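Trainee: I would like to learn how to read a few features of a model. Can we go through one together?

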Amino acid sequence: MRQKYPRSGLQVRYLTEHYGHVIHDYCNANDPVCASGTNITAHLVYPEIWDTTAAGWVQSVLDQN
């Protein structure tokens, strides 16, 4: 199964070079949208799994500025 919305190498390089310091990517294993998986639940549980981690990352970025 292919990713539904893959980014090209050029897009990834651009995002990394220009926004890498202020963006972070989360992708659960077997997510059909970002990991070519087949488990839709993997796509639906991001808030349960990543909210605390993502909030901590945002706070660390804010603390650097």
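Trainee: What does the protein chain average in pLDDT?

Mentor: This is a predicted model, so confidence is read before geometry. The protein chain averages a pLDDT of 89, and 94% of the residues score at least 70.

Trainee: How many aromatic pairs does a search of the whole structure find?

Mentor: The search finds two. One of them joins Tyr26 and Trp50, with 4.9 Å centre to centre and 45° between the planes. Tyr26 lies in the loop between α1 and α2 and Trp50 in helix α3 (residues 46–64), so the pair ties together parts 24 residues apart in sequence. Trp50 is partly exposed, at a relative accessible area of 26%.

Trainee: Is Asp31 buried or exposed?

Mentor: Buried means under 20% relative accessible area; Asp31 has 0%, so it counts as buried. Asp31 is placed in the loop between α1 and α2. Leaving aside neighbours within four places in sequence, its contacts are Ser36, Gly37, Asn39, Ala42, His43 and Tyr46.

Trainee: Which residues are closest to the centre of the largest pocket?

Mentor: The largest pocket holds about 360 Å³ of space. Of the 14 residues lining it, Arg7, Val12, Leu15, Ile23 and Asp25 are the closest to its centre. The lining divides into eight nonpolar, four polar and two charged residues.

Definitions and conventions
Residues numbered from 1 in each chain as written. Predicted model: local features only at pLDDT ≥ 70, side-chain atom pairs only at ≥ 80, totals over all residues. Heavy atoms only, no water. pLDDT = per-residue confidence, 0-100. Phe/Tyr/Trp six-rings, centres within 6.5 Å; stacked < 30°, edge-to-face > 60°. Helix = DSSP H or I, 4+ residues; strand = E, 2+ residues; numbered from the N terminus. Buried < 20%, exposed > 50% of the residue type's maximum accessible area, 1.4 Å probe, protein only. 1 Å grid on protein atoms, 1.4 Å probe; cavity = no way out; pocket = protein on both sides within 12 Å on 5 of 7 lines; lining within 4 Å. Points joined across faces, edges and corners; volume = space filled by probe spheres on them. Nonpolar A, V, L, I, M, F, W, Y, C, P; charged D, E, K, R; others polar. Contact = heavy atoms within 4.5 Å.
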